[in-house]
Amino acid sequence: MIARLFRSRIGRVALLGLASLAAAGPAFAARIAYYDATYRASFKPGVDHAQVELELQGEKLPSKVVLQVDPKRYRNFRSSEPLEVGAKEIVWRPQGQHSSLHYEFIVNHQRASGSYDSYITDSWALFRGDKLTPSTRVTSARNLRSRTVLQFTLPTGWSAVTPFPSAGEHAFRIDDPKRRFDEPAGWMLIGKIGVRSERIQHVNTLIAAPEGESARRQDALAFINWNLPKLLDVFPDFPKRVLIVSAGDPMWRGGLSGPASIFLHSDRPLISENRTSPLLHELVHVALGIRGDNESDWIVEGLAEFYSIQTLRRSGGIGQKRYEQAMDNLKKWAHRAPTLFARASTGPTTARAVLVFQQVDAEIRSLTQGKASLDDVARKLAADRGEISLIQLQEIAQAVAGKPLQSLQRDRLTKPLVEPGP
């Protein structure tokens with residue numbers, strides 16, 4: 001009886017608290033204060049760096065801005081406000097209602113292979129927005145939010161395309177409700193470029209490449225038009241806007257995903273001879289938005305490859321026979337991966353991971369009499385986003401299937417595959 005009365009009182013208190021919060025909600029929202037943050041990036045043809053300015057304006061500004069910098073990519077920081085310049089960290093203390101920081105961004109960046117993932121020529125530049133600006137940590141009042149715009153100053157005849165919606169000529173509005181300070185992110189292409197776009201269900205799809213490049217913009221758009229609806233069946237919360245940028249050598253000869261954006265070398269096929277699709281693989285990365293912990297990159301890459309093949313199968317891009325051939329090829333490759341657990345997933349590791357997810361899908365369907373599948377797990381991962389581990393994957397899969405899955409037991413995943421018999 002006493003316990004019942006106690007629970008009843010707790011319930012009334014909780015309800016009163018919720019009612020108070022609901023009543024205070026509009027007032028709290030009204031107390032949110034905004035300031036304007038404008039990134040201005042000025043490019044010149046063939047010049048290896050861009051001049052970048054971050055300008056803050058408002059009644060209240062952040063008290064401190066800390067930038068994590070790579071001295072090989074950023075240099076010559078300057079401001080009329082207090083500035084502490086270290087080897088890898090810049091501490092900027094904005095003053096008053098208007099403050100600005102200037103620096104130079106080195107565009108060209110070469111990978112270990114010798115190819116580039118950021119490059120500028122006399123007629124175009126391709127880079128990631130989260131490289132244009134150093135990683136930034138802002139100290140401010142909790143109710144203070146930025147309204148951020150990225151503005152390009154470009155040579156005559158140049159234009160720009162980014163994952164963000166337009167906010168004027170060569171300007172883009174950056175708005176992430178989960179962040180108090182919005183920063184540029186994702187792949188960007190500026191210069192003398194060609195762009196094709198189409199709305200596919202709720203997704204505004206753009207494909208861009210420098211003029212004169214061999215990129216097959218229209219072919220890629222038709223390919224996405226054919227396959228994206230099947231991907232949206234699994235990932236209904238896919239970004240409302242996605243940008244695919246392409247260029248040839250000396251850019252990296254592969255595909256790389258970013259927030260709501262993809263880079264794909266112009267020589268990469270839409271469907272490879274092994275029945276996988278580099279473009280669909282990267283689109284799955286965009287849909288999932290997950291990253292592995294220090295041993296779980298196989299989850300990220302395995303799901304991307306699994307759904308690139310499944311999407312082709314479901315759209316009719318490949319038939320059942322070619323699907324089975326693709327899986328047989330992966331089985332042969334997978335035997336070269338003694339374990340799945342490593343910081344970075346290699347080709348054989350990813351191939352083995354695809355086989356694991358094929359088994360996970362079959363086990364979930366069996367346990368639920370076909371009422372659920374790996375699609376439900378992937379949909380949950382995409383909703384949560386962020387970092388993923390084997391334990392988290394096991395928990396989500398168990399919630400979907402109703403019991404722990406044998407196909408995701410760690411002991412099973414760490415053992416080498418048994419070579420098939422003659």
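The model is predicted.

The overall fold comes next. Along its principal axes, the C-alpha trace spans about 80 × 75 × 40 Å. The secondary structure consists of 10 helices and 22 strands. Of the 422 residues in the chain, 49% are buried. Among contacts with a separation of 6 or more, 66% are between residues 24 or more positions apart.

Ser 315 counts as buried because its relative accessibility is 14%, and the cut-off for buried is under 20%. Which residues does Ser 315 contact, leaving aside its neighbours within four places in sequence? The partners of Ser 315 are Trp 226, Asn 227 and Lys 230. In an α-helix there are 3.6 residues a turn, so residues three or four places apart point the same way.

Helix α7 runs through residues 347–367 and has 21 residues. From the first C-alpha of α7 to the last, the helix reaches 31 Å, close to the 30 Å expected at 1.5 Å a residue. Just after α7 comes Gln 369, where phi is positive, at about 55 degrees.

Technical notes: Residues numbered from 1 in each chain as written. Predicted model: local features only at pLDDT ≥ 70, side-chain atom pairs only at ≥ 80, totals over all residues. Heavy atoms only, no water. Helix = DSSP H or I, 4+ residues; strand = E, 2+ residues; numbered from the N terminus. Buried < 20%, exposed > 50% of the residue type's maximum accessible area, 1.4 Å probe, protein only. Contact = heavy atoms within 4.5 Å. Expected span 1.5 Å × (residues − 1).
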